[in-house]
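The sequence and structure come first.

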Amino acid sequence: MKLALEPAEQLLQEDVRAFLATHAPDASEIPHALDDRMAFLREWQARCYEAGFVGRAWPAEFGGGGRPTSEQIVVDQELAAAGAPEFPSVVGLDVLGPAILAFGTDEQRARYVRPILAAEELWAQGFSEPEAGSDLASLRTTAVETDEGWVLNGQKTWISWGQFARWCGVLARTDPELPKHKGISLLVVDMASPGLEVRPMEQITGHAEFCELFLDDVVVPSENMLGGRGDGWKIAMHVVGHERGTAALPRQVMLRTWLDRLVADAAAAGVLADERAQDELARALIEIEVLRHHASRTMAAFLNGGAVGPESSGVKLLMAQAEQTLCATALDVLGDAGAGPFWHERYLYSRAASVYGGTQQIQRDIIANRILSLPAE
Amino acid sequence: MDLQLTDEQRWLAESVDELVARADAGSVWRSLGEFGAFEVGGDGLGAVELALIARGLGARLAPLPYADAAAVHYALDLGGAAVVPCLAEPGRRYAPAEPATAIVDGRVSGEKDAVPYAAAAELFAVPATADGDAVLAIVSATRTSIEARPTLDETVAPAHVRLEEVEPESIEGDAETIRTIAAAAAVLVSAEAVGAAGSLHELAREYAGQRRQFGRPIAGFQALRHILADMYVQLESAWSSVLYAAASLDERDADATRASAISKAYAARATQQVAHGALQVFGGIAFTAEHPAHRHLRRIVVRGGSYGSARDHERAVARSLARAAS
């Protein structure tokens, strides 16, 4: 057990801080118009990639840094602590990139991985459907094998930044006669394909981060399958667990910066002298800190060579709860008008934290089934 | 940051569990001493190891002031005595290093509250003010008057301790020593509570798999599965927090005092929720005196109040947040 950073990690931390001190964009520099904003953020990620701060633990032969995962965590925590903007490749970095590395062929790795890291090609994740949310395995999008390749038909939803994506990892049913979880495959779909339509959806926050995706006889070359025919479910579960496990520490650091902002806002509004407000802030801080303790212990098993297992579901439960407590506390302590646009947006978005990436109820099912081994329902 | 246990630490936890399972109630304390469970510092044990032992004792509800004595031994070498810290004072905010108890002409006078295992203690570690500075007076328990108070857990039996011009055995350390003992005590009683909650969770999990209603095991009902899943997360996150706070004490981290307050506040509430969840899973059977659930519940609630309640520690965190912003 060791809390302090290793000497190499300390040096890296100093490097990242020095880099951020000169290069991190101020929030006011980031353009508002969506197209300009995306272009700006891609440039930002590219600069961080050149500095060695993106994909630091990914294999060097495919464009990564070839360093231990613990170093990427140090980098991500520093980026979050500095309030640096999120990378636009988030889906590629957290979901499809790890899937290609773990299940792709060397040709696929050589083709797709580096452009993810350099933000040259953005990825989308075509998993959920209007009728297949928590019950993802009931998805209906079909892929039929023909002489030209796979022909896809169906509808996907919750496609983050679909309007900017170059590629989409689509889960489709390749063998409809097989039972639910089998017969699903993962296909890499070119977003410029004929028959493919993307429609942005306005969210409650006012942004259009998500899109719907319509597939009407979209042809996908045979070599664009990731893993084998019927491996789709296995790959999806692997990467979703990976996402839950690795996202928690930088997310925790970001929540901590929000809490610091809330304390400063409360002081400026003159409500910090109220002991009840202080106690609410303390409870929010305690949840954020315990998230750090628990995510660190869970991640330690992973960093020492284990897989990200069902324990990541506990981290996801705590992460959603900490974010929701913090944002609800902000509204309660500052009031509606005092909270202003910053907290309004975060409060609304925080309500999705217990839904996306597997609802709280799905996480509890995973724990009951796979950790507690309770007899089947 | 690596929060994984080493092989030695795992072995320690298993050995202590075997020791407690084998020894009869009267000899556990001596066996712990022979095992080296009080040998702290140097090549000996750190707060992480002490927490592992306290958790193991808590899992079996051993009625011993181990967490209490180990917290004192963590800061002072008192040769393995059954020493209990007296950190709370009646009618005052929980502030161990700001005692009203005073030393005048070399004699200690004052009142301490909620002193666990007071009747079993050989020595008390008593924070007191001498010439304006906080010090730690080690006094013989026989020189104090101990008054039993109503309690949910008669095994811990937190008592009122009155000191009237008591001649101390020795005077040790300063305010910093007191803060270290208070932080260690908060972490170690939390570890004990996590142990008691963990074994109760396991009993509830087994019971849910065996108890049948509506023609199937009640563990098949999602309402109960989710209670058991939430209990698991509360338990594991509380343990993560205890380990983190213990490691921050061992590494002399600048933030160790705050980490211990966070851990105590969180673990006290989380373990109590685990116990409440377990009682719900057991249903009516948990309300019979012979069933073990109530003994776990009592231990968890009373240890949650030892060395500052969740509210006391939340207040401490809250005050430091407000101070930092002003």
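## Basis

Helices (H or I, at least four residues) and strands (E, at least two) are DSSP runs, numbered from the N terminus. The model is a predicted one, in which local features need pLDDT of at least 70 and side-chain atom pairs count only at pLDDT 80 or more, while totals for chains, interfaces and linings use all residues. Residues are numbered from 1 along each chain as its sequence is written, and chains are lettered from A and ligands numbered from 1 in the order in which they are written.

## Two alanines with positive phi

B:Ala157 lies in the loop between β6 (145-148) and β7 (159-166) of chain B. B:Ala157 is not a glycine, yet its phi is positive, at about 40°. With 18 other C-beta atoms within 10 Å, B:Ala157 is partly exposed. Here a residue is buried if 20 or more other C-beta atoms lie within 10 Å of its own, exposed if 12 or fewer, and partly exposed in between, with C-beta atoms placed from the backbone.

In chain A, A:Ala119 sits in the loop between α5 (106-117) and β1 (123-126). A:Ala119 also has a positive phi, about 60°, without being a glycine. A:Ala119 is buried, as 23 other C-beta atoms lie within 10 Å.

## Domains

The bounds come from an automatic or database domain assignment. In chain A the assignment gives domain 1 (7-117), domain 2 (123-229) and domain 3 (234-371). The C-alpha centres of domain 2 and domain 3 of chain A are 29 Å apart. Their contact takes 8 residues from domain 2 of chain A and 7 residues from domain 3 of chain A, where two residues are in contact if their C-beta atoms, placed from the backbone, lie within 7 Å. The domain 2 side of this contact in chain A has 5 nonpolar, 3 polar and no charged residues. Ala, Val, Leu, Ile, Met, Phe, Trp, Tyr, Cys and Pro count as nonpolar, Asp, Glu, Lys and Arg as charged, and the others, Gly among them, as polar.

Chain B is assigned domain 1 (7-75), domain 2 (83-174) and domain 3 (176-325). In chain B, 19 residues of domain 2 are in contact with 17 residues of domain 3. On the domain 2 side, β4 (123-130) and β5 (133-140) of chain B are the elements that give two or more residues. That side divides into 14 nonpolar, 2 polar and 3 charged residues.

## Helix packing in chain B

α5(B) and α6(B) pack at about 155°, with their axes 9 Å apart; axes are lines fitted to C-alpha atoms, for helices over the stretch in contact, and angles run from 0 to 180 degrees between N-to-C directions. The angle makes α5(B) roughly antiparallel to α6(B), a term for angles over 145 degrees. Residues of this contact include B:Val187 and B:Val194 of α5(B) and B:Leu228 and B:Trp239 of α6(B). By class, the contact has 19 nonpolar, 3 polar and 1 charged residues.

α6(B) and α7(B) pack at about 160°, and their axes are 8 Å apart. That makes α6(B) roughly antiparallel to α7(B). The residues of this contact of α6(B) with α7(B) divide into 19 nonpolar, 10 polar and 1 charged.

## Contact of chains A and B

Chain B gives 43 residues to the contact and chain A gives 36 residues. On the chain B side, the elements that give two or more residues are α5 (175-210), α6 (222-250), α7 (256-282) and α9 (310-325). The largest share, 16 residues, comes from α6(B). The chain B side divides into 22 nonpolar, 11 polar and 10 charged residues.

Definitions and conventions. Parallel < 35°, antiparallel > 145°, perpendicular 65-115°, else oblique.
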